[in-house]
Amino acid sequence: MVRIVEIEARLFLRDRLNSLFAVLFPSVLLLVLGAIPGLREPLPELGGQRFIDTYMSALVVFTLAFIGLQRVPTVVASYREKGVLRRLSTTPMHPARLLAGQMVVNFAAVILSVLLLVVVGYVVFGVDLPHHPLGLACAVVLGGAGTFALGLVIAALAPNARAAGGWATVVFMLLMFLGGVYLPRFMLPTAIQTIGSYAPPGVEALQQAWLGTAPDWRHLAIMGLVGLVAGTVAARTFRWE
């Protein structure tokens with residue numbers, strides 16, 4: 001298993017453009033937004049907080065959604081399309097171990113991106129460190145599990161890598177909207193905010209852990225349930241060739 005993770009890590013790093021974008025873009029976007037003076041001022045609409053403080057959770061949403069929905073489905077579908085999974089199925093190593101290696105490498109990239117975001121926000125703009133680190137960790141893990149599981153469902157059902165990329169982009173854009181990446185959440189209708197609170201990657205749980213108290217257990221439970229259901233669907237519908 002360790003060997004598989006090493007190989008997948010090398011392949012991840014070889015795709016330099018997507019790898020760097022996934023890890024660095026949230027921090028770069030924070031630097032760009034933080035350069036706008038008005039976004040560093042407390043706003044009454046945000047309860048006296050700054051826009052960049054409340055947008056940190058949306059940047060984590062971007063990280064989870066991009067890696068879970070833009071990388072995982074296309075890579076796994078391309079493995080099937082190129083016959084990699086079929087060839088592995090004839091060896092003692094089960095192809096599921098390859099998928100597990102994919103998950104480990106991509107989730108490591110998520111952790112690296114989030115840690116970099118925390119450091120940049122704190123050092124450059126004085127953004128508070130997460131007020132509830134354990135809650136943030138749970139939100140990232142469960143939100144990531146739900147998002148990655150949705151990506152695996154797409155990989156399982158898509159006939160080829162191109163289709164997987166197209167389907168994943170639709171889901172990616174939807175989750176980005178629900179997560180307040182395109183528009184600040186206070187500008188969204190209440191119903192949309194509520195849906196975004198429960199849908200992976202779980203922007204509400206991330207924001208609660210970063211700026212306030214422990215995440216609402218109901219948000220975490222729903223994301224965990226989404227991950228469980230989507231993961232089960234992916235496992236039952238997945239085709240090795």
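**View 1. Arg-218 pairs up with Asp-216 in a salt bridge, closest N and O atoms 2.7 Å apart.** A salt bridge here is a side-chain nitrogen of Lys or Arg within 4 Å of a carboxyl oxygen of Asp or Glu. The model is predicted: local features need pLDDT of at least 70, side-chain atom pairs count only at pLDDT 80 or more, and totals for chains, interfaces and linings use all residues. Numbering runs from 1 along each chain as its sequence is written, and side-chain values use heavy atoms, with hydrogens and water left out. Arg-218 is partly exposed at 42% relative accessible area, while Asp-216 is buried at 16% (buried is under 20%, exposed over 50%, partly exposed in between; 1.4 Å probe, protein chains only).

**View 2. Arg-185 forms a salt bridge with Glu-204, with 2.7 Å between the closest N and O atoms.** Arg-185 sits in the loop between helix H8 (161-178) and helix H9 (190-198) and Glu-204 in helix H10, so the pair ties together parts 19 residues apart in sequence. Helices are DSSP runs (H or I, at least four residues), numbered from the N terminus. Arg-185 is buried, at 12%.

**View 3. Arg-50 and Asp-53 make a salt bridge too, their closest N and O atoms 2.9 Å apart.** Both ends are tucked away: Arg-50 is buried at 15%, and Asp-53 is buried at 13%. A search of the whole structure turns up three salt bridges.

**View 4. Gly-212 lies in the loop between helix H10 (203-211) and helix H11 (217-237).** Its C-alpha atom is 6.0 Å from that of His-131, 81 residues away along the chain. Gly-212 is partly exposed, at 33%.

Key:
Helix = DSSP H or I, 4+ residues; strand = E, 2+ residues; numbered from the N terminus.
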